[in-house]
Amino acid sequence: MSSLAESANAAVLPRVPIPANGVNYRGKIVLAPMVRSGELPSRLLALKYGADLVWGPETIDRSIIGCERRVNPRNGTIEFSRFPSNGGRPDVVSKASIIYRLDPVREKGRLIFQMGTASPELAVQAAKVVAGDVSGIDVNSGCPKPFSTSGGMGAALLRTPDKLVSILEALVREVGQPFQIGISVKIRILETPEKTEALVSRLVRTGITGLTVHCRTTPMRPRERAIRDQLRMIADVCRKAGVACVMNGDVTSRDQGLALMKEYGVDGAMIATAAEANSSCFRAKADGGLAPWRDVVHEYLRFCIESENRLGNTKYLLNMLIPGKNQEFKDAKLSRTYTDACRRLKFDDLVPLAVQVDEILELDHKWELGPPEGHTRTKAVQNAIENNESAKAAGGGSTRSKVTSPATHNGGPIRTSSIPAPVKNETEQNTLDPSIPAPMPQKSEITA
Ligand SMILES: Cc1cc2nc3c(=O)[nH]c(=O)nc-3n(C[C@H](O)[C@H](O)[C@H](O)COP(=O)(O)O)c2cc1C
C-alpha cells in the first residue's frame, strides 16, 4: 500500500483510545510472557537490549489477590508478597514469598502484567492489586497446560468465548478505565480461519487496546513451526476495530520481527524462546545485533543480584543463556550462592554486591570458599536481616515494614550507580506507609 493510501486509510479507521497510563503496542518488538523466564531480571535484560515493552510471567488471579505491596528499600523495586497460611499455627515461622516484583523506574511505561483467570470477579480483584504500577493487564488465553486449562483458564477460554468476553469487558470497565491502563488478550489460532475470525471479531469489541496472537493451535508443540496463514486476516479484523495486533511464534530478532510486521500487516511482534536463549535478540543488527553470551550473562547476573532474585530462578535462566560445554560454566550453573557463581564466571566486579545479596537471602552459609577476605557484615545487610527477623517473629503476619530511610552500608545504599535512585515523589513515599494503599493513577486525558 502506498503511504498516501495508508494515511488515508488511517484517517478513516477507528482506534480504541490508548489510556493515559497505558501504552500503544504499535510498532513495538516485545518480550513475551514467560513463567520462570520472565521474572524481573530477564525483563530488565530484554529492556537493556532494546525490547520496547515487556510482559511479566502469567500470574494466577488468586495468587496476587491479598498480596502486600511494599517498596524494597535497598533497590527501589516493588514487591507483592504473601505469607503461607501456616495452617493457623502461630508457633510455625513462615517466610513471605514474593509473588511479583517490578521496577517502577526502569519498567515505567513498559510493563504489562499478564494474568491467568477464569472469572471476571477474580480478574478484576487481582488486576486492582497491581494496576497502579503497570501499563497494562493482559489475559492469558493461550496456555495449553492442564494446570491452566483444567481450571478453565488459558487456552480453555478459547472454547468459552462468552466467559472470555465477560472477563475482558469487566477488566476494561472496572480496571482499565479507572486506572487509565490498557487491557489486552493473548490467544492462539483456532483450527480454521473461520473459527479464529469469529472469536477475534468478538474480542476486539470488548474495549481492549491490543490482541496478541500466538500462531500455533492449542495442541501444537512449541517446536512445531508457527502457522502464519491466518495472520493477515486477524490483523485485518483488529485494524478495522482499531485494536493493535501483535504477532507471536518463531520471531527470533528485532529485524526479523519488523520485516514480518510489514509482510503480514501486523502492528507488533513478540519474542519468547529466542529471548530466553539470548536477550540481545532485541538489538537491531545496525546497533550491534546479537551480543556474545558472556556479556549477556554478566548483565543478567548483575540484574539478578541487584533485584535480589531468588537464586533457583536465576539458575533456571542461566541454564538457557550459558551454552556451557566448558567445566567452569557447568560449575557456575551449579553454584549455591551468587558469590560462588560470580567467582566461577570470573565476574569479579560483581562479587562485592553478590556477597551482600547472599547475606540478605541467607545463602552466605553456603559459600564454598568462606567469606571473602576482610569481609564484615554491612549495615544494609544487618538492617535487611533484622527486618526479616522481625517479620518472622511477628508470626508471619505482614512483610510490610515502615521504612524511614533507605538502608545504607559504609559507602551508601546497596543499589549500584547503574540503578536510578528510588522514586521519591509523594505517591511513592506514601507507599512506604502500610496504612496507605497502592497509588491510584492520576486521571488524565485519554490520548488517541
Ligand atoms: C518458558 C516459557 C514460559 C511461558 N510462559 C507463558 C506465560 O506465562 N504466558 C503466556 O501467555 N505464554 C507463555 N509462554 C508462551 C510464549 O509466551 C510464546 O507464546 C511461545 O513461546 C511462542 O513464542 P516463540 O515462538 O517466540 O517461543 C511461555 C513459553 C515459554 C518457553
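This is a predicted model: local features need pLDDT of at least 70, side-chain atom pairs count only at pLDDT 80 or more; totals for chains, interfaces and linings use all residues.

Leaving out residues up to four places away in sequence, Leu-211 touches Ser-184, Val-185, Ile-187, Val-200, Leu-203, Val-204, Cys-238, Val-243 and Cys-245. Leu-211 is also listed among the residues with the most contacts inside the largest nonpolar core.

**Overall make-up**

- The protein contains 17 helices and 14 strands.
- It has 448 residues, and 48% of them count as buried.
- Among contacts with a separation of 6 or more, 69% join residues 24 or more positions apart.

**The largest nonpolar core**

- This core has 109 residues, and those with the most contacts inside it are Ala-51, Ala-127, Ile-137, Leu-171, Leu-211, Cys-238 and Cys-245.
- The core lies between domain 1 (28-290) and domain 2 (292-367), because both domains give residues to it.

- Ile-208 sits in the loop between helix H7 (193-203) and strand S10, which spans residues 210-214.
- Is Ile-208 buried or exposed? Ile-208 has 26 other C-beta atoms within 10 Å, so it counts as buried.
- Apart from neighbours within four places in sequence, Ile-208 is in contact with Leu-168, Val-172, Ile-183, Ser-184, Val-185, Leu-203 and Val-243.
- From C-alpha to C-alpha, Ile-208 and Val-243 are 6.9 Å apart in space, while 35 residues apart in sequence.

- Strand S8 (residues 136-141) is mostly covered, with 6 of its 6 residues buried.
- Which residues of S8 point which way? Gly-136, Asp-138 and Asn-140 point one way, Ile-137, Val-139 and Ser-141 point the other way, and all are buried.
- Strand S7 (residues 111-116) runs parallel to S8 and is joined to it by 4 bridges.
- In this pairing, Met-115 stands opposite Val-139 of S8.
- Helix H4 (residues 120-130) has Ala-123, Val-124, Ala-126, Ala-127, Lys-128, Val-129 and Val-130 as its buried residues.
- The partners of these buried H4 residues are helix H3 (61-64), strand S5 (78-82), strand S6 (97-102), S7, S8 and helix H6 (161-179).

**Helix H15**

- Helix H15 (residues 351-360) is largely enclosed by the rest of the structure, because 7 of its 10 residues are buried.
- Those buried residues are Ala-354, Val-355, Gln-356, Val-357, Asp-358, Glu-359 and Ile-360.

**The ligand shell**

- There are 23 residues around the ligand, and Ala-32, Met-34, Glu-58, Ala-272 and Thr-273 come nearest.
- How many residues of each class does the shell have? It has 11 nonpolar, 8 polar and 4 charged residues.

**Pro-222**

- Pro-222 lies in the loop between strand S10 (210-214) and helix H8 (231-241).
- Pro-222 counts as exposed because it has 12 C-beta neighbours inside 10 Å.
- Thr-273, one of the residues that come nearest to the ligand, is 51 residues from Pro-222 in sequence and 9.3 Å from it in space, C-alpha to C-alpha.

Key
Residues are numbered from 1 along each chain as its sequence is written. A nonpolar core is a set of buried Ala, Val, Leu, Ile, Met, Phe, Trp, Tyr and Cys residues joined through C-beta atoms within 7 Å. A residue is buried if 20 or more other C-beta atoms lie within 10 Å of its own, exposed if 12 or fewer, and partly exposed in between; C-beta atoms are placed from the backbone. Domain bounds come from an automatic or database domain assignment. Two residues are in contact if their C-beta atoms, placed from the backbone, lie within 7 Å. A residue is near a molecule or strand if its C-beta atom, placed from the backbone, lies within 6 Å of it. Ala, Val, Leu, Ile, Met, Phe, Trp, Tyr, Cys and Pro count as nonpolar, Asp, Glu, Lys and Arg as charged, and the others, Gly among them, as polar. Helices (H or I, at least four residues) and strands (E, at least two) are DSSP runs, numbered from the N terminus. Two strands pair if DSSP finds at least two bridges between them.
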